[in-house]
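Visitor: Hi, I'm new to this one and would like to go through its charged contacts. Could you show me the structure before we start?

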Amino acid sequence: MVCRADGYYAQFCVDVNRREVLEPTQKTIGLDVGLNHFYTDSQGGVVENPRYLRKSERKLKKLQRKVSKRKKGSANRRKAVKRLARKHLKVSRQRKDFAVKTARCVVRSNDLIAYEDLKVRNMVKNHKLAKSISDASWSMFRDWVEYFARVFGKVTVAVPPHYTSQNCSTCGTLVKKALSTRTHICKCGCLLDRDHNAALNILALGLSRVGHTQTHYACGEIDKSQVDASLLGKLSH
Ligand SMILES: [Zn+2]
């Protein structure tokens with residue numbers, strides 16, 4: 001039994017070795033996480049942070065302020081703490097729900113999913129709340145992507161998060177830009193949304209990490225057994 005802010009729950013553990021076979025999609029995808037969007041992918045698609053989550057997070061902050069305003073030891077404070085705990089639980093369930101659905105969808109629709117290894121980026125200290133919320137949701141999402149990749153026999157690659165937004169995804173030239181610059185414009189003629197350019201770089205890095213297999217993807221000849229044996233063998237730790 002597990003105790004939560006809104007009651008007791010019985011916990012069950014299932015699906016430890018769950019496996020499902022899917023036809024290869026012959027698609028690969030790179031994901032760039034941002035503060036403005038949940039992620040932007042290498043095809044230019046954007047997944048937004050859901051409105052209900054943003055709303056819940058604002059409410060959570062409000063309740064947090066209320067608790068700190070109440071006198072310590074008072075009945076009002078106890079009540080405020082209880083409300084905060086319940087809201088906290090609701091938000092974390094909403095976050096998980098969103099992470100699971102989004103991860104399942106992106107894994108089912110692609111054979112290889114590349115993203116930045118943000119555990120590296122986390123070492124750079126950042127105290128902004130919005131940033132820490134986004135990092136927390138992202139790392140939960142990443143865990144689910146890796147889980148579903150195991151279930152559906154797909155490949156995930158975490159690439160080092162260096163220069164992914166600065167380099168040109170077409171010609172490789174370093175195009176320096178401030179965080180506020182939202183567009184990538186290169187002399188080679190490449191003009192892309194900043195995050196779309198980053199997602200393309202992330203995908204290219206991911207493909208280069210799995211080596212020769214990228215030619216199979218490029219030619220569109222994908223042999224499931226080959227992918228499973230060579231890619232999964234290479235990537236399983
Ligand atoms: Zn270029």
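This is a predicted model: local features need pLDDT of at least 70, side-chain atom pairs count only at pLDDT 80 or more; totals for chains, interfaces and linings use all residues.

Visitor: Okay, how many salt bridges are found in the whole structure?

Guide: A search of the whole structure turns up seven salt bridges.

Visitor: And which residues are linked in a network?

Guide: The network of salt bridges links Asp117, Arg142 and Glu146. Within it, the side chains of Glu146 and Arg142 meet at 3.0 Å, N to O, and both residues lie in helix H4, four residues apart, which is about one turn of the helix.

Visitor: Is Arg142 buried or exposed?

Guide: Arg142 is buried, with a relative accessible area of 9%, whereas Glu146 counts as partly exposed at 22%.

Visitor: Switching topic, what does Glu57 pair with?

Guide: The side chain of Glu57 forms a salt bridge with that of Arg95, at 3.3 Å from N to O. This pair links distant parts of the chain, since Glu57 sits in helix H1 (residues 51–69) and Arg95 in helix H2 (residues 75–108), 38 residues apart. Glu57 is buried at 15% relative accessible area, and Arg95 is buried at 17%.

Visitor: What about Lys154, which residue does its side chain meet?

Guide: Lys154 meets Asp111 in a salt bridge of 3.6 Å, N to O. Lys154 lies in the loop between helix H4 and strand E7, and Asp111 in the loop between H2 and strand E6, so the pair ties together parts that are 43 residues apart in sequence. Lys154 counts as buried at 5% relative accessibility, and Asp111 counts as buried at 6%.

Definitions and conventions. Residues are numbered from 1 along each chain as its sequence is written. Side-chain values use heavy atoms; hydrogens and water are left out. A salt bridge is a side-chain nitrogen of Lys or Arg within 4 Å of a carboxyl oxygen of Asp or Glu. Helices (H or I, at least four residues) and strands (E, at least two) are DSSP runs, numbered from the N terminus. Buried means under 20% relative accessible area, exposed over 50%, partly exposed in between (1.4 Å probe, protein chains only).
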